[in-house]
Number of protein chains: 2
Amino acid sequence: MWSPEPVDQPLPIVLLDHGGSGHKRGNRQLDLARWFATEAGAASVAIDGPYHGDRALEPTADYQRRMAEPGIEKVTDGMVADWLATLEAVTGLDGVEGDRVAYLGLSMGTRFGLPFVAAAGSRLRCAVLGKFGMQQPAGMPAEIDMRPRFAADAPRITVPVLFHVQWDDELFPRTGQLALFDLLGSPGKQLIGFSGMHAETSPMAVEAWREFVRRHLGD
Amino acid sequence: MWSPEPVDQPLPIVLLDHGGSGHKRGNRQLDLARWFATEAGAASVAIDGPYHGDRALEPTADYQRRMAEPGIEKVTDGMVADWLATLEAVTGLDGVEGDRVAYLGLSMGTRFGLPFVAAAGSRLRCAVLGKFGMQQPAGMPAEIDMRPRFAADAPRITVPVLFHVQWDDELFPRTGQLALFDLLGSPGKQLIGFSGMHAETSPMAVEAWREFVRRHLGD
């Protein structure tokens, strides 16, 4: 957890999830946490995904195969429970404002984040999701297919969502990403698309995520 | 033309085009021009589209039929020439900085704006386009089909473009709008999509247009 300099009023908080092969202290999380602390007066918190970071007993390169073993429903339920526990823990802290919470997670951070956002309901103010879709990437094990879960969970989401698409995503076909955006139940959903492949995140995209969160965490 | 309070340094300028049935002094133009003057230190200029505003001899409701008479190529060439003349005129003014110019026009402002942005080339810093596409809306006369022109002009555009899509656009089918975005030659193109029908422009969309222009007009 990262916090701004102590202030008198309670802090909003951003839940930061990392992508596949990343971990909770990755550069993206550090950069975002620093920005939210200094520019938005918000705390941030990150946790490791399944088989990642401090929870990886073996090299994370193998994580898809490892998720397939228990089955993706079980892994997803576990990660949703972890995020709900994290939400419970951080909003119970002195100095944190429990009703000003945002979620930000792309790619694997959407694999698990989308079901979490659905489960958290109105405990969140907004979410930034994307880089995932309703088409299986080539080579991804069938056992970790998220489509049934997304089909059930996406329509349940009603908080504002900023959904990010890399227009030339070589892993998650664009049409599947647009289909996932379509499924979201949020009246205030918004799509942003940028040229480039899966991992080519433009600084303007990061700026759009940050501003979206800052706006929704405002008083 | 709208200008900020006089300052010492030359002003950037935003070319504002209106949508179908609108005119150069519409509320959208006034609101944007006021914001650019007060928040971005930029001047703005608007002109009437063909058969609109002071150039409408008959009610503008008939404008599509009127454009069909001379043929859309001729009308488009005329409007592109008008914008090029406007660009030439305003960038020749004392106090205007000729190499910090942006274009902003949606819907009919993209019908004519996209060919203008292609023609203006590097004389523009960036453009905000959208709410138009590569599928003919139901009921639009075949004589005013923009597809051949767009297919030729969109790939020629290389300046950064923010392309706006209303996700539930009842006039311009979404897939045609996405196809038009695909055709744009700009390495720095970016798509934003918002729930809602053609005319339901979210305040967050307007904010995205403004910030995109402000960023690209920066020193």
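This is a predicted model: local features need pLDDT of at least 70, side-chain atom pairs count only at pLDDT 80 or more; totals for chains, interfaces and linings use all residues.
**Entry 1: how the two chains relate**

Chain B goes onto chain A with an RMSD of 0.0 Å, by a turn of 180° and a shift of 0.0 Å along the axis. I noted that this is the relation of a two-fold axis. Next I asked which residue of chain B comes closest to the rotation axis. I found I192(B), with its C-alpha at 2.2 Å.

**Entry 2: where the chains touch**

I looked up the contact itself. Chain A gives nine residues to it, and chain B gives nine residues too. On the chain B side, the largest share is five residues from strand β6 (residues 190–194). I sorted that side of chain B by class and got five nonpolar residues, three polar ones and one charged.

Then I checked how the strands pair across the contact. Strand β6 of chain A and β6(B) run antiparallel and are joined by five bridges. To have one pair to look for on screen, I wrote down L191(A), whose bridge partner in β6(B) is G193(B). Do the copies meet through the same surface or through different ones? I found that 100% of the interface residues of chain B are also interface residues in chain A, so the copies meet through the same surface.

**Entry 3: a helix with a buried face**

I moved to helix α7 (residues 174–183) of chain A. Its buried residues include Q177(A), L178(A), L180(A) and F181(A). Viewed down the axis of α7(A), the buried residues fall within an arc of 155°, so they line one face of the helix. I reminded myself of a rule that helps here: an α-helix has 3.6 residues a turn, so residues three or four places apart point the same way. I also looked for what covers the buried residues of α7(A), and found α6 (147–153), β5 (161–166) and β6 of chain A among the elements that do.

**Entry 4: a proline in a helix**

I picked P115(A), which sits in helix α5 (residues 113–120) of chain A. Is P115(A) buried or exposed? I counted 24 C-beta neighbours inside 10 Å, so P115(A) is buried, as the cut-off for that is 20 or more. Leaving out residues up to four places away in sequence, P115(A) touches T76(A), V80(A), R149(A) and D153(A). I also took one distance: P115(A) and S186(A) are 71 residues apart along the chain, and their C-alpha atoms are separated by 14 Å.

**Entry 5: the nonpolar core**

I looked up the largest nonpolar core, which has 132 residues. Which of them touch the most other members? They are A102(A), A127(A), A102(B) and A127(B). I followed A127(A) and, again skipping residues up to four places away in sequence, found that it touches A102(A), Y103(A), G113(A), V117(A), V159(A) and V161(A).

**Entry 6: strands of chain B**

I began with strand β2 (residues 43–46) of chain B. Both of its faces are covered: A43(B) and V45(B) are buried on one side, S44(B) and A46(B) on the other. β1(B) and β2(B) run parallel and share four bridges, and L15(B) stands opposite V45(B).

Strand β5 (residues 161–166) of chain B came next. Six of its six residues are buried, so the strand is largely enclosed by the rest of the structure. One side has V161(B), F163(B) and V165(B), and the other has L162(B), H164(B) and Q166(B). Four bridges join β5(B) to β4(B), and the two run parallel; V128(B) stands opposite L162(B).

I finished in the loops. Most residues other than glycine have a negative phi, and most peptide bonds are trans. Against that background I noted Y51(A), which is not a glycine and yet has a positive phi of about 60°. Y51(A) lies in the loop between β2 (43–46) and α2 (63–68) of chain A, and with 20 C-beta neighbours inside 10 Å it counts as buried.

S21(B) also has a positive phi, near 75°. S21(B) is in the loop between β1 (11–16) and α1 (27–39) of chain B, and its 16 C-beta neighbours inside 10 Å make it partly exposed.

My last stop was G139(B), in the loop between β4 (126–130) and α6 (147–153) of chain B. G139(B) has 7 C-beta neighbours inside 10 Å, so it counts as exposed.

Methods: Residues are numbered from 1 along each chain as its sequence is written. Chains are lettered from A and ligands numbered from 1 in the order in which they are written. Two residues are in contact if their C-beta atoms, placed from the backbone, lie within 7 Å. Ala, Val, Leu, Ile, Met, Phe, Trp, Tyr, Cys and Pro count as nonpolar, Asp, Glu, Lys and Arg as charged, and the others, Gly among them, as polar. Two strands pair if DSSP finds at least two bridges between them. A residue is buried if 20 or more other C-beta atoms lie within 10 Å of its own, exposed if 12 or fewer, and partly exposed in between; C-beta atoms are placed from the backbone. The arc is that of the directions from the helix axis to the C-beta atoms. A nonpolar core is a set of buried Ala, Val, Leu, Ile, Met, Phe, Trp, Tyr and Cys residues joined through C-beta atoms within 7 Å. Copies are superposed by least squares on the C-alpha atoms of residues with pLDDT of at least 70 in both.
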